[in-house]
Amino acid sequence: MSQPTTVAAAHHHAPPQGFLRKHVFSLDHKVIGKQYLDLALVAVCTGMVLSWLMRFHLAWPETPIPGLGTLSPSGAAGGVITPEYYLALMTMHGTIMVFFVLTTAPFAGFGNYFLPIQVGAEDMAFPRINMTSFWVTLVAFLVLISAFVVGDGPPLSGWTAYAPLSAVGKDAGPGQGVGQTLWAVSITLFCVAQLLGALNFITTTLDLRTKGMSLARMPYSTWAWFITSVIGLIAFAVLMPACILLILDRVAGTSFFIPAGLVISDRLQPHAGGSPLLWQHLFWFFGHPEVYIAILPGFGIISHILPVFARKPLLGPRVLIACLVSIAFLSYTVWGHHMFLSGMNPFSATLFSVPTLIITIPATIVTLLWIGTIYGAKLRFTTPALFCLGFVSVFVSGGISGFFLAQPSIDTYLHGTYFVVGHFHFVMGVAAMFGIFAATYFWAPKMFGRMMSETLGKWHFWLTFIGVYCVFMPMHYLGLAGNVRRYSAFTDDYLKPLIPLHRFITVAALCTGAAQLIFLFNLIRTRLRGPKAPDNPWEATSLEWSTTSPPPFDNFGGRPPVVQHGPNEYGTRGAAGDYVMQASPQSAGPA
Amino acid sequence: MPGIATPPAPIVPPPAAPPTVAPRTITEPSPPQSAQTGVWIAIGTICMSFAALTSAMVVRQGAAPDWRHFQLPQLLYVNTLVLLASSGTLEWSRRRIAAVSVGAPGLVPRLDGLAGVYLTLALGLLFVSGQVIAWRQLAAQGLFLATAPSSAFFYVFTALHGLHVVGGLLGLSYVLRRLRRVAGPAPQIALRAAALYWHFMGALWLYLLVILATRV
């Protein structure tokens, strides 16, 4: 498979004519990619509003939120959030963000749009499966969101849906009836969609590379999407049957996850013999690789974008690929570090701790490669470049707290505190978001044929960058002070002195959220009437910049490119400047 | 990535006609070589799902002393023979169709080759029906999904496998339609991919039968 395919397969569906086929039920990977990104945009706005509600309640638990009482009379009577409704908001926030934003945007969205173009293909290998994948994802999202209005509200068990409370039904609280079932159905559908997507990504990468596009010449973003697909193919294949078993426990009376003698809400549950730990193992076997499904596309995007603005080749490209592959492999050996306090054997904890610490080695090497790439470079400080630097910053900040949590003895204290909240928001939430922002600013000219405003982009970057540090850095201190997470209000004496810090975080979160309106405005304005983008505004090398902005229906106007170079030809002497494009027939010379 | 990156040697020698020499006579819904790769990837992910379920069964069996052994319906063994026979008919058909098209890439395959595909579809349906009857036999004994963890896993395994078989039947019907209507190598390579999936369904069922027979 290291030999490239001689010619990419001919386009296997004609350009659509009708509106529905062109814009709604499209088979074109570019339209599907944009549909994924639009879905992620809706999802991220929803998830962010939920986080604002939670943050406001944490800072001022007694103060009513105007209008919320009307939206949810049972969960927030008079606008004041009940503890149960707080958990419901938290569950929906986590689920929406992890699945429908961090997985959907950087992987399914940008991957769909750019993977085929970057390998020189005219479309995905299976366009119909690709379209199905998106529509199933959309249905999964609607099923999840419907929990707000159907039955007794959204579930309370968090995005991890720990059994047995997630498995026993409405006795476990409001939302644990219909809401939790909707959650499980939604995630099952999401798994199906992602498996179909991963199948397409892998097949396209293996089979549809254009002439000359050897694996070694693939852009790093394509490598990252490819490796992420392999991770997803294994991870979602485990979560899906786990969710099916959970649904059966809930609706069919089985006892996979519910132990005997369980009394909830003064009622003996009519189940026996199940293992709650089994759910945790199955969930985290998916859940930890999911972290890398969220962040590896970001790794690829940063590795792809950074050399463009550093005007230097990426340092150690083969080392980068080796690190991505080893991270993918190691991601399957560390799931138990989420379960140090689950009662498992302490020796198992050590067993899971060691690979967790080992996985920091390739992650650190990748970070050093990025820093080495920009070392001594005349960096072009465009908005995408700033978000790349921001990515490195927040990834390092979040990664360092990971060293502490990886050790069972320290995690015993920090588990379930805001330290963990700060850690994972930095390392997978904000870092992945910065990857999404970098990708959006970088590829918007190609996707929409229009340039985004650099001025607004830089305002957006600096406000967001300062904002996220104000939000998530103090959470580490809160955690060290013993502030537990998932509490809706802090009434204990030892927590009361921390409330001013919570108020600071809330104000910072609201301001950072408001700063995203700049991004939204910029994005919408660009799509409607931004200045026209040239074909290669950033002077980049990969194939997507060899075609028009936006690309034609078959990506390359019926002339599949023939690749002559790797994606790393920067700082050299080319006909167009200090770079040589992948499809350029000229040979690269010294700068 | 050896398992996915390099499609392992096919179960039988590939047809003599190279897949890309014939001119395309009709628009093709997917590039020919991708179908095989796609099926191999699907096989990988299906294996992972059933591996997860197997580990869940082992853990659940050890979690509490409520595991209840029961006799598997004898019909399952008949169903197994039916499914294996269907693999045989499909393989016979595939080879026959491949042999016919040697030297005549534009020719629509002869009907006797297609008969094997029809037979496979019929045997596949028979297998699924047989599985449903086996369920009814168990239900008649009072063994339902929620009766015991062993019966729960039995129904989960057989239902999920059955769903995948139904998916295979739908795929095979699609390939059959294309074989009848489209000339050229593409439908035959689709048939190869479908046959690969179908043989895997048989292998997966043998694995599940062994697991169920020894544990349930």
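**Close-up views of chains A and B**

**View 1. The contact between chain A and chain B.** In this predicted model, 33 residues of chain A are in contact with 30 residues of chain B (two residues are in contact if their C-beta atoms, placed from the backbone, lie within 7 Å). Helix 6 (178–207), helix 7 (220–251) and helix 8 (276–310) of chain A each supply at least two residues of the side that touches chain B. Helices (H or I, at least four residues) and strands (E, at least two) are DSSP runs, numbered from the N terminus. Helix 7 of chain A gives the most to this side, with nine residues. By type, the residues of the side of chain A that touches chain B are 24 nonpolar, eight polar and one charged. Ala, Val, Leu, Ile, Met, Phe, Trp, Tyr, Cys and Pro count as nonpolar, Asp, Glu, Lys and Arg as charged, and the others, Gly among them, as polar.

Residues are numbered from 1 along each chain as its sequence is written, and chains are lettered from A and ligands numbered from 1 in the order in which they are written. Local features need pLDDT of at least 70 and side-chain atom pairs count only at pLDDT 80 or more, while totals for chains, interfaces and linings use all residues.

**View 2. The helices of chain B.** Chain B has six helices and zero strands, in the order α-α-α-α-α-α along the sequence. Of its 216 residues, 42% are buried (20 or more other C-beta atoms within 10 Å of the residue's own; exposed means 12 or fewer, and partly exposed is in between; C-beta atoms are placed from the backbone). Among the contacts in chain B with a separation of 6 or more, 83% join residues 24 or more positions apart.

**View 3. Thr103(A) and the residues it touches.** Thr103(A) lies in helix 4 (residues 83–118) of chain A. Thr103(A) counts as buried because it has 27 C-beta neighbours inside 10 Å. Leaving out residues up to four places away in sequence, Thr103(A) touches Val98(A), Ala108(A), Gln194(A), Ile293(A) and Ala294(A). Ser255(A) is 152 residues from Thr103(A) in sequence and 31 Å from it in space, C-alpha to C-alpha.

**View 4. The buried side of helix 10 of chain A.** Ala349(A), Phe352(A), Ser353(A) and Thr356(A) are buried in helix 10 of chain A. They cover an arc of only 110° around the axis, which puts them on the same side of helix 10; the arc is that of the directions from the helix axis to the C-beta atoms. An α-helix has 3.6 residues a turn, so residues three or four places apart point the same way. Helix 13 (408–414) of chain A is included in what covers the buried residues of helix 10.
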